[in-house]
Amino acid sequence: MTGDDPAASVRGLAFEDIPDAVAKAEAAIAGQGDDWLASVRADWQRHFASFYSEALYFSFPN
């Protein structure tokens with residue numbers, strides 16, 4: 001999620017990004033979308049790891 005409006009980022013993720021990724025994965029399963037599948041194979045971290053931080057943040061109550 002990026003930008004100044006977290007609600008818009010969540011809407012974009014839920015209604016655009018996730019459905020788009022699902023459609024591409026379903027097409028790859030059906031034998032289509034070879035270009036997308038090749039890009040995932042070549043650089044899977046760009047496709048999947050980009051949503052995770054390398055650091056964990058904790059907050060402990062006083």
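The model is predicted: local features need pLDDT of at least 70, side-chain atom pairs count only at pLDDT 80 or more, and totals for chains, interfaces and linings use all residues. Residues are numbered from 1 along each chain as its sequence is written, and side-chain values use heavy atoms, with hydrogens and water left out.

**Confidence.** pLDDT is the predictor's confidence in each residue, from 0 to 100. The protein chain averages 81, and 84% of its residues score at least 70. Helix α1 (residues 6-29) has the highest mean, 88. The lowest mean, 71, belongs to α3. Helices here are DSSP runs (H or I, at least four residues), numbered from the N terminus.

**Salt bridge.** The whole structure holds one salt bridge, meaning a side-chain nitrogen of Lys or Arg within 4 Å of a carboxyl oxygen of Asp or Glu. Asp20 pairs with Lys24, with the closest N and O atoms 3.2 Å apart. The two residues lie four apart in helix α1, so about one helical turn separates them.

Phe58 sits in the segment after α3 (44-48).

**Accessibility.** Buried means under 20% relative accessible area, exposed over 50%, partly exposed in between (1.4 Å probe, protein chains only).

| Residue | Relative accessible area | Class |
|---|---|---|
| Asp20 | 38% | partly exposed |
| Lys24 | 34% | partly exposed |
| Phe58 | 65% | exposed |
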